Amino acid sequence: MGNALRFLYGKCCKPLTEEDSGSLGPHGVSAATVGVSALAQDLYHFEITSQVPEVLTRHVTSSKKAQANWYRKLSEAWREAKPPPKTAEEAARLVIQTLSRHKKADVEGLLAFYGLPLPHTLIPVSTAEPTTLPAGVKFEMQTLPVDARAIPDGDTITVYVSAADPRESACVPGDVQMAAVRRSKARAERNYEQADALHQKIINAGYRVINLPNNEEVLARKYRIRLRGIDAPESSMPYGKEAQNELIKIVQGKCLRVLVYGEDRYGRCVADLYCNGIFVQWEKEARAKRVGLWAASNPEEPWEWRKDRREGR
């Protein structure tokens with residue numbers, strides 16, 4: 001994990017004394033360490049052993065394999081949190097956000113296991129646009145994991161946002177919701193022909209049912225994104241394939257934070273992308289350092305290349 005977890009483990013998860021031994025929590029440590037420190041201890045232990053707490057199964061319904069997936073995600077989220085959670089409320093919010101697409105009963109069971117506040121007990125965070133967002137940002141969204149097939153070149157990407165997201169949930173067309181329900185029923189009945197036809201209807205409406213790594217299915221809205229401020233080589237240009245592969249390497253399988261500034265003439269969202277806290281757009285730095293396309297003595301700019309093709313040169 002990192003120094004944050006090791007610090008909490010060392011400070012808060014000390015060996016039990018004889019006086020403590022009669023008051024163990026469900027996770028097997030002193031009741032005094034329930035909460036942030038207990039979670040930190042178990043995440044630290046998981047990074048070393050890949051083992052989840054044995055008695056967690058009594059509090060959740062999913063398999064040990066699924067539990068290991070939770071702890072892997074939580075370890076990454078904790079490492080990336082700046083600063084890391086210090087209070088029970090902060091730890092609960094990290095768990096809820098990180099596992100937002102998992103079963104509600106499992107998330108609440110995990111929180112209860114550590115004595116952390118349940119979702120309905122937390123004071124709601126303001127939904128107003130954060131004042132720290134850059135000027136000009138219209139809205140922000142969090143994507144589902146990115147599929148490499150949705151990246152046609154180095155500056156364009158198709159992403160999907162869960163229809164359960166508060167910003168999306170009120171906008172899902174009724175016929176799309178109904179088609180998703182009917183598709184799920186058709187699949188349960190092994191009527192795959194009907195299920196595929198219903199999914200095509202969902203796709204035509206700008207949505208898709210996404211299969212997550214934990215085998216859950218999520219209805220999601222499609223967004224086409226044009227990375228703001230860069231113009232990568234076209235796929236058929238020199239270094240075009242390299243630019244595409246570089247973007248794939250950064251974002252494949254990751255959930256992105258997307259700050260949308262507006263739309264271009266093709267209806268794509270013009271946006272800044274962040275992946276695990278890293279700003280994805282870096283072409284300006286590549287140009288300044290004369291990397292890739294810009295290493296040539298007289299590089300052909302992508303915008304001039306497209307202009308020449310349109311004019312038949």
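Below is a working chat about this predicted model.

Me: How many helices and strands does the chain have?
Reply: Eleven helices and seven strands. Keep in mind that the model is predicted.

Me: And what share of the residues is buried?
Reply: Buried residues account for 42% of the 313 in the chain.

Me: What about contacts between residues at least 24 apart?
Reply: They make up 62% of the contacts between residues at least 6 apart in sequence.

Me: Let's go to the cores. Which residues have the most contacts inside the largest nonpolar core?
Reply: Trp 70, Tyr 71, Val 95, Leu 110, Tyr 114 and Leu 116. That core has 29 residues.

Me: Which elements give two or more residues to this core?
Reply: α2, α3, α4 (88-98) and α5 (104-113). The most come from α3, which gives seven residues.

Me: What does Val 95 touch?
Reply: Leaving out residues up to four places away in sequence, Val 95 touches Leu 39, Leu 74, Val 107, Leu 110, Leu 111 and Leu 116.

Me: Which residues are in the other core, apart from that one?
Reply: Phe 139, Ile 248, Ile 250 and Val 258 are among them. This other core has 23 residues.

Me: Back to α2 and α3. At what angle do their axes cross?
Reply: Roughly 110 degrees. The axes come within 10 Å of each other. Angles of 65 to 115 degrees count as roughly perpendicular, so α2 and α3 are roughly perpendicular to each other.

Me: Which residues make the contact?
Reply: On α2 (residues 36-49), they are Val 36, Leu 39, Ala 40, Asp 42, Leu 43, Phe 46 and Glu 47. On α3 (residues 64-80), they are Ala 68, Tyr 71, Arg 72, Leu 74, Ser 75, Trp 78 and Arg 79.

Me: How do the residues of that contact divide into nonpolar, polar and charged?
Reply: Nine are nonpolar, one is polar and four are charged.

Me: Changing topic. How many disulfides?
Reply: The count is zero.

Me: Now the strands. Where is Arg 226?
Reply: In strand β4, residues 217-227.

Me: Buried or exposed, that Arg 226?
Reply: Arg 226 is buried. Its relative accessible area is 15%, and buried means under 20%.

Me: What is Arg 226 in contact with?
Reply: Setting aside neighbours within four places in sequence, Arg 226 is in contact with Asp 155, Thr 156, Asp 231, Asp 264, Arg 268, Cys 269, Val 270 and Ala 271.

Me: And Val 161, which strand is that in?
Reply: Val 161 lies in β2, residues 156-162. Val 161 counts as buried, at 1% relative accessibility.

Me: What does Val 161 touch?
Reply: Not counting residues up to four places away in sequence, Val 161 touches Met 141, Gln 142, Thr 143, Glu 168, Leu 219, Ala 220, Arg 221 and Tyr 223.

Me: How far apart are Val 161 and Arg 221?
Reply: In sequence, 60 residues. In space, 5.2 Å, C-alpha to C-alpha.

Key. Residues numbered from 1 in each chain as written. Predicted model: local features only at pLDDT ≥ 70, side-chain atom pairs only at ≥ 80, totals over all residues. Heavy atoms only, no water. Axes fitted to C-alpha atoms, helices over the stretch in contact; angles between N-to-C directions. Helix = DSSP H or I, 4+ residues; strand = E, 2+ residues; numbered from the N terminus. Parallel < 35°, antiparallel > 145°, perpendicular 65-115°, else oblique. Contact = heavy atoms within 4.5 Å. Nonpolar A, V, L, I, M, F, W, Y, C, P; charged D, E, K, R; others polar. Disulfide = S-S within 2.5 Å. Core = buried A, V, L, I, M, F, W, Y, C linked by side-chain atoms within 4.5 Å. Buried < 20%, exposed > 50% of the residue type's maximum accessible area, 1.4 Å probe, protein only.
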